Amino acid sequence: MNSQKHYSGYIIFAAIFCVVYILFAIRPLGKEYQFEPEWKIDVTNPTISENSENEPLLPFKLGQSMGYFTPSGKVVNFVTFPQKSSISKFGYTFYNFNNSAATFYSPDGKKLFSSTQSGFPMIDDDRIFTFLPGGSSFSMCDKNGKTKWEYSGAVPITAFDSSKAGVAVGFADGNICQFEMNGNLTQRFAPGGSEIPVILGIALSSDGKYVASVCGQNKQRFVLAQKDTAQTKIIAHEFLDSKSTNQMLVKFSSDDKTVYFNSGNVLGIVDVKTGRKRHLKIEGQAISIQESEKCFFVLTKNGKKYTVYTVEPFATFIGRFSFEASAAFIQVYENKLYVGKNSTISCIEIK
């Protein structure tokens with residue numbers, strides 16, 4: 001009789017526990033993203049269209065070809081180049097390994113200006129630079145091709161980034177220099193902490209307050225520094241397991257609240273204000289990070305295999321897809337992801 005009472009008591013307790021668990025465990029389902037293919041174009045022999053509706057022009061580069069397309073899938077400019085090139089929303093140029101001059105063009109193919117300065121030109125957004133022969137000096141040009149200012153050094157430049165606030169440069173000896181847009185040197189510091197203190201990747205926040213870098217060998221290190229009137233403050237750092245001597249991707253989010261960095265098969269994600277860190281395992285080396293309003297995308301390369309990772313802030317993995325190609329890129333505009341593969345560009349709408 002007593003055993004039956006005990007048995008009944010267990011049943012009642014189990015029932016009450018199940019009800020309480022269900023009530024407190026109920027959570028609304030997370031929002032699911034839908035990716036719907038919208039169009040696909042081949043740029044091998046594209047039909048060049050006029051931008052009659054005055055759509056934004058998005059740059060692309062695939063192998064030895066580059067140009068501009070619209071969000072609706074019209075190719076408005078297509079060029080091939082023999083060796084090297086640089087392209088952005090502002091314009092494009094191409095050059096050879098022994099470059100002594102360069103011509104710059106607008107997205108619609110009209111000549112903007114020519115530069116007779118020797119070196120390798122680079123267009124970063126609407127900012128124009130030339131890396132001078134020797135690899136330790138560079139100049140910044142205005143939008144007419146005239147040199148605004150020049151930095152001349154003796155140590156090889158190993159990392160470079162610019163934003164609307166200025167320029168950050170990393171060198172083979174482990175030093176980092178930050179310049180304003182007028183060329184004034186605002187800070188020079190060395191992150192240190194490694195046996196071989198080379199700077200392998202660098203990023204400058206849009207307001208110029210922060211510089212992030214991946215540096216060194218034995219051991220490799222990520223460092224986030226804040227510019228101060230008296231001295232540079234290291235506000236976050238991390239020793240890394242990677243030993244790569246390749247250039248590393250380092251990038252701030254558009255709102256400067258997050259900084260991303262590549263470390264071997266890991267993408268590091270750091271909250272700038274709190275220093276909180278997350279790590280996302282990836283296959284291969286990260287070569288591009290693009291943001292949308294809802295999430296961000298990471299393109300990685302491992303041989304001929306490319307993988308696109310979809311991640312929700314702060315670092316919630318959503319999904320990925322892979323493909324094989326000899327060249328690839330990703331681009332984001334509003335709520336659409338554009339994926340370039342070999343000679344094709346696909347548009348995927350994010351819902």
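Colleague: What is the strand order in the open sheet that includes E1 and E29?
Modeller: The order is E1-E31-E30-E29, four strands with antiparallel pairing. Keep in mind that this is a predicted model.

Colleague: And which are the edge strands there?
Modeller: Strand E1 (35-42) and strand E29 (328-333), each of which pairs on one side only. From one strand to the next, the twist averages 20°.

Colleague: How many bridges are there between E29 and E30?
Modeller: Six, with E29 and strand E30 (residues 336-341) pairing in the antiparallel sense. Gln-331 stands opposite Tyr-338 in E30.

Colleague: Let's move to E13 to E16. Is the pairing parallel or antiparallel?
Modeller: Antiparallel; these four strands form an open sheet in the order E13-E14-E15-E16. Strand E13 (157-163) and strand E16 (185-189) each have a single partner strand, so one side of each lacks a neighbour in the sheet. The twist here averages 15° from one strand to the next.

Colleague: What joins E14 to E15?
Modeller: Five bridges, linking residues 166-171 of E14 with residues 176-180 of E15. Val-169 stands opposite Cys-177 in E15.

Colleague: New topic: how many cavities of 30 Å³ or more does the structure hold?
Modeller: One. The largest cavity has a volume of about 30 Å³.

Colleague: Which residues line the largest cavity?
Modeller: Asn-99, Ala-102, Phe-104, Ser-115, Gln-117, Gly-119, Pro-121 and Thr-130. That lining divides into three nonpolar and five polar residues, with no charged ones.

How values were computed: Residues numbered from 1 in each chain as written. Predicted model: local features only at pLDDT ≥ 70, side-chain atom pairs only at ≥ 80, totals over all residues. Heavy atoms only, no water. 1 Å grid on protein atoms, 1.4 Å probe; cavity = no way out; pocket = protein on both sides within 12 Å on 5 of 7 lines; lining within 4 Å. Points joined across faces, edges and corners; volume = space filled by probe spheres on them. Nonpolar A, V, L, I, M, F, W, Y, C, P; charged D, E, K, R; others polar. Pairing = 2+ DSSP bridges. Helix = DSSP H or I, 4+ residues; strand = E, 2+ residues; numbered from the N terminus. Axes fitted to C-alpha atoms, helices over the stretch in contact; angles between N-to-C directions.
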